[in-house]
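Please open the model in a viewer and keep the selection panel at hand. The stops below are meant to be followed in order.

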Amino acid sequence: MASRPSSISTFKATLGGAAALFAGALVALGTIELGMRAIGYGSVSTLAYGRANYNPDLPEVGYAGRPDVRGIQSNEGVSEVALNSHGFHDVEHAKAKPPGVFRLMVLGNSYTMAIQVDRRDGYVAQLGEALKQCPALAGRDIETVNLGVDGYTIHQQFLMLRDYGLSLKPDFVLLQTNNFVVPGELDPLRNLSPRLFRAPDGSVSVDYSYLDAPEFRQKSSLAAILLQRASDDSRLLQYAIQYRRISKEAEAEAQKRGDPMKIGPAVYAAYRKGRDLAFDEIAAVLRAHDIPLAVAITPDADAKSNEPREPEPIKEEWKQLAKQAGAPFLDAETSARAQVRATGAYLHGFGARTGYGHLNRTGNAFFGKALAARLCPLLGGEHSAALAPAAVEQ
């Protein structure tokens, strides 16, 4: 008669089986991790929510770039992301401006942050290189300061300029905008950030109500921050976080499809009122510090390059805002379309999605050089043909 196994031997067998399963899972996860690295996948997390989680030199703006983050992103193209100690996709900058340096500061959103390309290939860095050909800056070192952050609204840009940017003593400020409305501009809770508003007494105040939003509290929690840090060393974890984020965004969009107020007149009027107020504040604070301002709009071009120009109401609104503030409006659309027609190379997108999304390396190089061609005469120098990819248009 066979003997029954003892409880100890049963426990050992169960423990051994569990250990084998655990070891197998580790091997499988390790294999997937190595495979993702081999194919170049990366989705490094670049934004930190809550002021306690980004550089304390920066003001309360909801979120900012994560200080000193390094990693790979392959969501749009493939690039090495390298954020500086203040969380910007830029090199380090001394707070005290060195003698003889011309410091050009750029405010903007994801087009200015430009993590889709290495930071040396972003249009801000390309602009700095191109300005070395400007006669007005001969004999001076040129330093471009990139304060662009993904999804930033003009409200965040104003607060960043007033409470941090001015401390760097810029000689010139360039505000980048787009010929469309960034989604976060329409809904204060979409990108969890402050909004300027005019109080009944006429003063300008800031609405920080997003600080109490459950989503903001979750994104700025210790658990969320620890998960971000853990993902810095795991492509698999980066994928899981990115998949969850995209799924939540798709779910939110699906819920809004039946909403008749997508961008209704009242929603757009509220956006425009806030945008105009924030822009006026940017212009006023720079005027008070005697710092010139210019507004630059990113080009569309690409598939539109062979089509007749259509009315562009958003661009016209920005042009009028700039005119009222006495700020030059830099629009390279005509030159961009001419370049696309001449070369056949689109300025946006990567791989199978060429023509869609953010500026690619070609687009960033074009935009940087086109802006330099338009900025040089404003700085008191004659236009240099070496600066322009095509004819200058003001």
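Begin by selecting Phe102, which stands opposite Ile142 in strand S6. The model is a predicted one.

S6 itself spans residues 141-146 and is mostly covered, with 5 of its 6 residues buried.

**Second stop: the whole sheet**

Now display the strands S6, S5, S7, S10 and S11. These 5 strands form an open sheet in the order S6-S5-S7-S10-S11, and the pairing is parallel. At the edges lie S6 and S11 (329-331), each of which pairs on one side only. From one strand to the next, the twist averages 25°.

Select residues 172-177, the extent of strand S7; 6 of its 6 residues are buried. Which residues of S7 lie on one side, and which on the other? Phe172, Leu174 and Gln176 are on one side, while Val173, Leu175 and Thr177 are on the other, and both faces are covered.

Next, look at the partners of this strand. S7 is joined to S5 by 4 bridges, and the two run parallel. Here Val106 stands opposite Leu174 in S7. S7 also pairs with strand S10 (residues 293-297), in the parallel sense and over 5 bridges. In that pairing, Leu174 stands opposite Ala294 in S10, and Gln176 has Ala296 as its bridge partner.

Then select H11 (residues 333-343) together with H12 (residues 361-378): their axes come within 11 Å and cross at roughly 135°. The two helices are therefore oblique to each other. H11 passes H12 in a right-handed crossing.

To view the contact, show the side chains of Ser335, Ala336 and Gln339 in H11, which meet Thr362, Phe366 and Arg374 in H12. By class, this contact has 2 nonpolar, 3 polar and 1 charged residues.

Turn to helix H4 (residues 154-163) and helix H9 (residues 265-288), which pack at an angle of about 20° with their axes 9 Å apart. H4 and H9 are therefore roughly parallel to each other. Their crossing is left-handed.

From H4, select Ile154, His155, Phe158, Leu161 and Arg162; they meet Gly274, Arg275, Ala278, Phe279, Glu281, Ile282, Val285 and Leu286 in H9. The residues of this contact divide into 8 nonpolar, 2 polar and 3 charged.

**Last stop: Asn84**

Finally, centre the view on Asn84, in the loop between strand S4 (79-82) and S5. Is Asn84 buried or exposed? Its relative accessibility is 5%, so Asn84 counts as buried, the cut-off for buried being under 20%. To see what surrounds Asn84, select Arg66, Pro67, Asp68, Asp90, Val91 and Glu92: these are its contacts once neighbours within four places in sequence are left aside.

Terms used. Residues are numbered from 1 along each chain as its sequence is written. This is a predicted model: local features need pLDDT of at least 70, side-chain atom pairs count only at pLDDT 80 or more; totals for chains, interfaces and linings use all residues. Side-chain values use heavy atoms; hydrogens and water are left out. Buried means under 20% relative accessible area, exposed over 50%, partly exposed in between (1.4 Å probe, protein chains only). Two strands pair if DSSP finds at least two bridges between them. Axes are lines fitted to C-alpha atoms, for helices over the stretch in contact, and angles run from 0 to 180 degrees between N-to-C directions. Angles under 35 degrees count as roughly parallel, over 145 as roughly antiparallel, 65 to 115 as roughly perpendicular and the rest as oblique. A crossing is left-handed if the near helix is turned anticlockwise from the far one by less than a right angle, and right-handed if clockwise. Contact means heavy atoms within 4.5 Å. Ala, Val, Leu, Ile, Met, Phe, Trp, Tyr, Cys and Pro count as nonpolar, Asp, Glu, Lys and Arg as charged, and the others, Gly among them, as polar.
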